[in-house]
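Trainee: I would like a close look at one part of this model. Please take me through it step by step.

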Amino acid sequence: MTLDMRAGIRFPLALRVILWSTGLFSAFTLLAFTVFYFIVSGMLQARTDNDIIDDLTELRALYRAGGMSALHAELASDAATDGPEAVLYRVIGADGGLLFGTDASAWSGIESPRQARSGIPKDGATVLRTLALGNSAGRARLGYALLDDGVLLQMGVSLREDEAFLGLLWKILSLSLPALMLLAGLLGWLLARRALTGIGAVTEAAIDIARGDLGRRVPDAGHGDEVDRLARTFNEMLDRIQALLTCLREVTDDIAHDLRSPLARIRGLTESAVVGNPTLEDLKAAAGNTVEECDRLLQMVNTMLDITEFEAGGAIRQWTAVPVDEILADACDLFQSLAEDKGIDLQWTAGAQAAVQGARRPLQRLLANLLDNALKYTPAGGCVRVSLSRLDDRLAVEVEDSGVGIAEADLPRIFERFYRCDQSRSAPGNGLGLSLAMAIARAHGGTITVSSRRGEGSRFRLVLPSS
Ligand code: ADP
């Protein structure tokens with residue numbers, strides 16, 4: 001896969017992840033910064049107000065105890081300590097005249113003593129106001145308190161330092177925002193890259209597979225995340241597809257191989273009928289043999305089609321309760337004369353009445369195949385035992401023979417299409433009987449297992465869900 005193609009696939013999604021993460025992060029950060037700024041500014045104002053109220057209360061008490069001279073001395077000392085541009089005190093008489101005041105030269109824009117008195121409630125409650133001072137002195141907070149004899153005490157506190165602090169804070173916050181946005185973008189990019197690398201690997205594998213490399217798999221990054229799960233599922237799906245394709249190839253090879261012999265025989269029969277001077281009898285015999293071979297061929301093709309249909313599902317169109325005990329007894333009766341002819345002891349034990357949901361005819365074929373094999377691969381003097389038993393919600397049919405048995409190496413393969421063990425090649429058959437039996441069993445929700453030992457016999461066990 002080229003770099004351009006990769007970029008073409010990843011870029012839009014990665015970009016969207018980056019934009020979303022950066023956008024959301026920036027919006028939340030801006031909101032958090034604004035809230036933080038207003039909380040700090042509110043706290044500073046509350047602290048200033050409390051300081052003013054506390055000071056005015058103390059000064060009022062001092063005035064009450066020590067009179068005007070004590071008040072003047074305290075105000076002068078406070079103003080000298082803090083500086084006249086940081087704090088202002090004025091004592092205003094009931095007629096609006098200024099009785100005492102600290103240096104107000106830095107407090108341009110402050111109201112006249114007479115104006116200061118207006119709007120002050122007579123009940124003595126402390127009043128607070130904010131005043132914008134001129135000539136870039138910033139703002140100030142003013143507190144007004146009426147003393148006992150109607151004298152007004154005014155106190156002003158410059159907010160310049162608080163405002164400088166808030167300005168600096170806002171500058172720091174707004175400068176850090178772009179840096180944080182950059183960081184959020186970088187993080188978004190890293191996350192998108194990490195997440196999309198796995199998807200990219202799946203896409204690359206899919207492209208290679210589409211080009212014919214069926215053995216290609218997506219490497220497991222080992223993170224155990226969703227992308228790894230996608231990779232694992234993808235690999236499992238590929239394993240399954242590869243197994244199916246291998247199976248398909250084998251089946252095609254087998255079909256070609258197994259159809260070749262009957263076709264060659266038909267050709268040979270026909271050829272021998274037309275060369276030389278065949279009599280009418282010869283021709284009739286050749287035609288009869290050809291028909292027989294064609295029938296065998298047809299049967300083989302039909303069985304293959306039946307297997308495919310049962311494996312694909314949907315072959316059973318009408319589901320009914322099929323009495324297995326009954327059809328098994330019928331099958332044993334049917335095979336009894338064949339067993340006698342071959343000198344085999346066929347024993348049938350009906351354990352219980354049992355039925356399955358399914359189709360009668362296919363189940364008969366299944367049982368007939370198992371019985372036919374047992375008799376076919378058991379020499380004279382041997383015995384075949386057939387039994388039926390119920391296990392909870394299932395039923396089991398066992399066909400046990402004392403015949404030639406199956407080699408361990410052959411056991412896993414005998415249910416494959418066209419598979420015939422070497423020792424059975426001389427016996428009639430096409431290697432499709434057990435494949436069909438298994439396909440029918442599976443179509444009924446059951447299965448067939450086998451245990452066998454070479455030279456000691458075999459036991460086939462069919463298990464079906466009972467109705
Ligand atoms: P076939 O037409 O060859 O009988 P099957 O599919 O029925 O085909 O069986 C596949 C192979 O399994 C047989 O060729 C045979 O080698 C082996 N087999 C099946 N049943 C038995 C049995 N009861 N005893 C020994 N071998 C068996």
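Trainee: How much area do domain 2 and domain 3 bury between them, and what share of it is on carbon and sulfur atoms?

Mentor: First, the ground rules. This is a predicted model, where local features need pLDDT of at least 70, side-chain atom pairs count only at pLDDT 80 or more, and totals for chains, interfaces and linings use all residues. Residues are numbered from 1 along each chain as its sequence is written, and side-chain values use heavy atoms, with hydrogens and water left out.

Now the two parts. The domain assignment of the protein chain includes domain 2 (226–311) and domain 3 (316–465). Such bounds come from an automatic or database domain assignment. The centres of the two domains, taken over C-alpha atoms, are 24 Å apart.

Here is your area. Domain 2 and domain 3 bury about 1,300 Å² between them, with 66% of it on carbon and sulfur atoms. Buried area is the accessible area (1.4 Å probe) that two parts lose on being put together, summed over both. Three residues stand out on the domain 2 side. Thr303, Ile307 and Phe310 supply 44% of the area that domain 2 buries against domain 3, more than any other three residues.

Next, the contacts. On domain 2, 13 residues are in contact with 13 residues of domain 3. Contact means heavy atoms within 4.5 Å.

The rule finds three salt bridges across the interface of domain 2 and domain 3. A salt bridge is a side-chain nitrogen of Lys or Arg within 4 Å of a carboxyl oxygen of Asp or Glu. Arg417 forms a salt bridge with Glu311, and their closest N and O atoms are 2.9 Å apart.

Which elements build the domain 2 side? Helix H4 (226–274) and helix H5 (280–312) are the elements that give two or more residues to the side touching domain 3. Helices (H or I, at least four residues) are DSSP runs, numbered from the N terminus. H5 gives the most to this side, with nine residues.

The side of domain 2 that touches domain 3 divides into six nonpolar, two polar and five charged residues. Ala, Val, Leu, Ile, Met, Phe, Trp, Tyr, Cys and Pro count as nonpolar, Asp, Glu, Lys and Arg as charged, and the others, Gly among them, as polar.
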